[in-house]
Every structure is written in structure tokens, then in C-alpha cells.
Amino acid sequence: MKHALLLVDMPYGSYQVSAEEAVRNAMRFVKEAGVEAVKWKAARNRADIIRRIIDAEIPVAGHIGLTPQSVNAMGGYKVQGKSLTDVERLIA
């Protein structure tokens with residue numbers, strides 16, 4: 001039987017408290033909702049949490065650019081990577 005990959009975005013509040021809570025919440029998505037991977041906004045300051053989720057054998061799909069969890073801090077939805085400096089920051 002063919003089926004689509006079931007992927008869930010780690011919502012605001014599911015990972016900010018601690019790495020342990022982030023792993024626990026990712027595991028709940030897998031166990032209770034049947035997801036196959038969690039989606040994560042790539043961020044250097046969260047690399048340790050991403051590594052812990054991967055170490056817990058939960059696949060992580062990353063993305064850059066659109067950051068709905070940070071939309072209020074960014075002043076709304078805005079196109080990212082319009083300048084070379086912004087592109088380099090996103091890639092880093």
C-alpha cells in the first residue's frame with residue numbers, strides 16, 4: 001500500500017523548555033499520532049536538540065527560510081535570503 005510521509009512541525013512550546021522535553025514531545029508525535037518524522041526550522045542554537053532527537057531514532061526534516069514559530073519576533077512573514085549576507089546566514 002502506498003502512503004504519503006507523515007511529517008509534523010514541532011510547534012511553538014514543544015522544544016523551548018529543554019532538550020529532554022523536545023525529545024519527549026517528538027516521541028509522543030511518533031507514538032500517539034503515528035508520524036514518521038518531525039520537521040524542524042534549522043537553527044544553530046537548537047543543533048543540540050536536533051541531535052538528541054536524531055539520537056532517539058526519530059527522523060528530522062529540516063528547513064530554512066520561513067519561520068512561522070518566529071513570525072512575531074520577525075515582524076511578520078517576510079521573504080528570507082534576499083541579500084548575499086542573508087543567504088550566507090541561512091546556509092550557516
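## Exposure and the predicted model

A residue is called buried when its relative accessible area is under 20%, exposed when that area is over 50%, and partly exposed in between. Asp 55 counts as exposed because its relative accessibility is 54%, which is over the 50% limit.

## Overall organisation

The chain contains three helices and three strands. Read from the N terminus, these elements follow the order β-α-β-α-β-α. Of the 92 residues in the chain, 26% count as buried.

The accessible surface of the chain amounts to about 6400 Å², and carbon and sulfur atoms account for 57% of this surface. Contacts across the sequence can also be described by separation: among contacts between residues at least 6 apart in sequence, 52% join residues at least 24 apart.

## Helix H2 and its buried face

Helix H2 covers residues 47–55, and its buried residues are Ile 49, Ile 50 and Ile 53. Viewed down the axis of H2, these buried residues fall within an arc of 100 degrees, so they line one face of the helix. The elements against which they pack are helix H1 (19–33), strand S2 (37–41) and strand S3 (60–63).

Just after H2, the backbone has a feature at Glu 57, which takes a positive phi of about 65 degrees.

## The nonpolar core

The largest nonpolar core comprises 14 residues. Those with the most contacts inside this core are Met 10, Ala 26, Val 38, Trp 40, Ile 49 and Ile 53. H1, S2 and H2 each supply at least two residues of the core, and H1 gives the most, with four residues.

Leaving out residues up to four places away in sequence, Trp 40 touches Met 10, Tyr 15, Arg 46, Ile 49, Ile 50, Ile 53, Val 60, Ala 61, Gly 62 and His 63.

Ser 14 is placed in the loop between strand S1 (7–9) and H1. Ser 14 is buried, because its relative accessible area is 7%. The side chain of Ser 14 reaches the backbone oxygen of Pro 11 at 2.6 Å. When residues up to four places away in sequence are not counted, Ser 14 touches Glu 21, Ala 22 and Asn 25.

Asn 25 lies in helix H1. With a relative accessible area of 17%, Asn 25 is likewise buried. Apart from neighbours within four places in sequence, Asn 25 is in contact with Met 10 and Ser 14.

## Salt bridges

Four salt bridges are found in the whole structure. In one of them, the side chains of Asp 9 and Lys 39 meet, with an N to O distance of 3.5 Å. This pair links distant parts of the chain, since Asp 9 is in strand S1 and Lys 39 is in strand S2, 30 residues apart. Asp 9 is partly exposed, with a relative accessible area of 25%, and Lys 39 is partly exposed at 23% relative accessibility.

Another salt bridge joins Arg 52 and Glu 20, whose closest N and O atoms are 3.2 Å apart. Here too the pair links distant parts of the chain: Arg 52 belongs to helix H2 and Glu 20 to helix H1, 32 residues apart. Arg 52 is partly exposed, with a relative accessible area of 36%, and Glu 20 is partly exposed at 44% relative accessibility. A further salt bridge is formed by Asp 55 and Arg 51, with the closest N and O atoms 3.6 Å apart. Both residues lie in helix H2, four residues apart, which is about one turn of the helix. Asp 55 is exposed, whereas Arg 51 is partly exposed, with a relative accessible area of 47%.

Notes:
Residues numbered from 1 in each chain as written. Predicted model: local features only at pLDDT ≥ 70, side-chain atom pairs only at ≥ 80, totals over all residues. Heavy atoms only, no water. Buried < 20%, exposed > 50% of the residue type's maximum accessible area, 1.4 Å probe, protein only. Arc of directions from axis to C-beta. Contact = heavy atoms within 4.5 Å. Core = buried A, V, L, I, M, F, W, Y, C linked by side-chain atoms within 4.5 Å. Polar contact = N/O pair within 3.5 Å; in protein donor to acceptor, adjacent residues only side chain to side chain. Areas by Shrake-Rupley, 256 points an atom, 1.4 Å probe, with all protein chains shown as cover.
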